[in-house]
Amino acid sequence: MSTASPAGLDLLLRRTSAVQFAEPGPTEAQLEKILAAAVTAADHGRLRPWRFVVFEGSGRERLGDLMAEQVRADKPDADAKDWDKARAKALRAPTVIALICKPTVGHKVPVIEQQAAVAAAGAQLMLAANALGFGAAWKTGAAAYHPAVRTGLGLGEDDTIVGLFYVGSEPQPSPLPRATLDAVVQYQRTRAQ
């Protein structure tokens, strides 16, 4: 039987996605720890296909402008109110991290497995933020897949935005309904009596 502390397991079982954010966001040292935890994710082939673009302070406005470009391109009838709403998404948390998959195409590890490794890094990013007392949320939306945003972030043809991670203080905890194990687990074994 393991003598390890259940603190890590407790963190996993308490994980939620924040709904609202407030200042402060993580300090530079805390952000470094969050990112260091993210890059320890399982990585088939040790290709390290993850890349991070961190937006803080006025840097978030650049992301907001790219989100507004997506709305202008996709919705010709959109007006300034729609563009401002898109811009505001980038300002909802003190820190926004774009998590990008930069795959090694043609490698024996398929691109889909490299994308899964990047998604694992995203999950660890959220858990690390929670461990340091911050709320975190993983978002995508149309902007994550749009050429205006992809080009604005300097993505290559094969690169993908796996998520936009919002990190900051959480004014109040966000409850997260949990799936019951009976609804999502199927056993294919015989249990010893």
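Arg 72 lies in helix H3 of this predicted model. Arg 72 counts as partly exposed, at 35% relative accessibility. Leaving aside residues up to four places away in sequence, Arg 72 touches Trp 83 and Arg 87.

**Overall architecture**

- The protein chain holds seven helices and four strands.
- Read from the N terminus, the order of elements is α-α-β-α-α-β-α-β-α-β-α.
- The C-alpha trace spans about 65 × 45 × 35 Å along its principal axes.
- The chain has 193 residues, and 37% of them are buried.
- Take the contacts between residues at least 6 apart in sequence: 78% of these join residues at least 24 apart.
- The accessible surface comes to about 11700 Å². Carbon and sulfur atoms account for 54% of that surface.

**Salt bridges around Arg 87**

- The count of salt bridges in the model comes to three.
- Arg 87 and Asp 84 are three residues apart in helix H4, so about one helical turn separates them.
- Arg 87 is partly exposed, at 27% relative accessibility.
- Asp 65 is partly exposed too, at 36%.
- Asp 84 is likewise partly exposed, at 45%.

**The bridge between Lys 102 and Asp 159**

- Lys 102 forms a salt bridge with Asp 159, and the closest N and O atoms are 3.2 Å apart.
- This pair links distant parts of the chain, 57 residues apart. Lys 102 sits in the loop between S2 and helix H5 (111-131). Asp 159 sits in the loop between helix H6 (147-152) and strand S4 (160-168).
- Lys 102 is partly exposed, with 37% relative accessibility.
- Asp 159 is buried, with a relative accessible area of 6%. The cut-off for buried is under 20%, so Asp 159 falls in that class.
- Salt bridges that share partners join Asp 65, Asp 84 and Arg 87 into one network.

**Charge and the positive patch**

- The protein chain carries 22 positive and 20 negative charges, and their mean positions are 6 Å apart.
- Lys 75, Lys 81, Lys 85, Lys 89, Arg 92 and Lys 139 form a positive surface patch.
- Helix H4 (residues 80-89) supplies the largest share of this patch, three residues.
- Arg 92, a member of the patch, is placed in the loop between H4 and strand S2 (95-101).
- Arg 92 counts as partly exposed, at 34% relative accessibility. Patch residues need over 30% relative accessible area, so Arg 92 passes that cut-off.

**The nonpolar patch**

- Leu 181, Val 184, Val 185 and Tyr 187 make a nonpolar surface patch of about 410 Å².
- Leu 181 is found in helix H7 (residues 181-184).
- Leu 181 is exposed, with a relative accessible area of 59%. Exposed means over 50%, so Leu 181 belongs to that class.

**Points to locate in the structure**

Conventions
Residues numbered from 1 in each chain as written. Predicted model: local features only at pLDDT ≥ 70, side-chain atom pairs only at ≥ 80, totals over all residues. Heavy atoms only, no water. Helix = DSSP H or I, 4+ residues; strand = E, 2+ residues; numbered from the N terminus. Buried < 20%, exposed > 50% of the residue type's maximum accessible area, 1.4 Å probe, protein only. Contact = heavy atoms within 4.5 Å. Areas by Shrake-Rupley, 256 points an atom, 1.4 Å probe, with all protein chains shown as cover. Lys, Arg positive; Asp, Glu negative; His and termini not counted. Charge placed at Lys NZ, Arg CZ, Asp CG, Glu CD. Patch = residues over 30% accessible without salt bridge, like charges linked within 9 Å, V, L, I, M, F, W, Y side chains within 5 Å. Salt bridge = Lys/Arg side-chain N within 4 Å of Asp/Glu carboxyl O.
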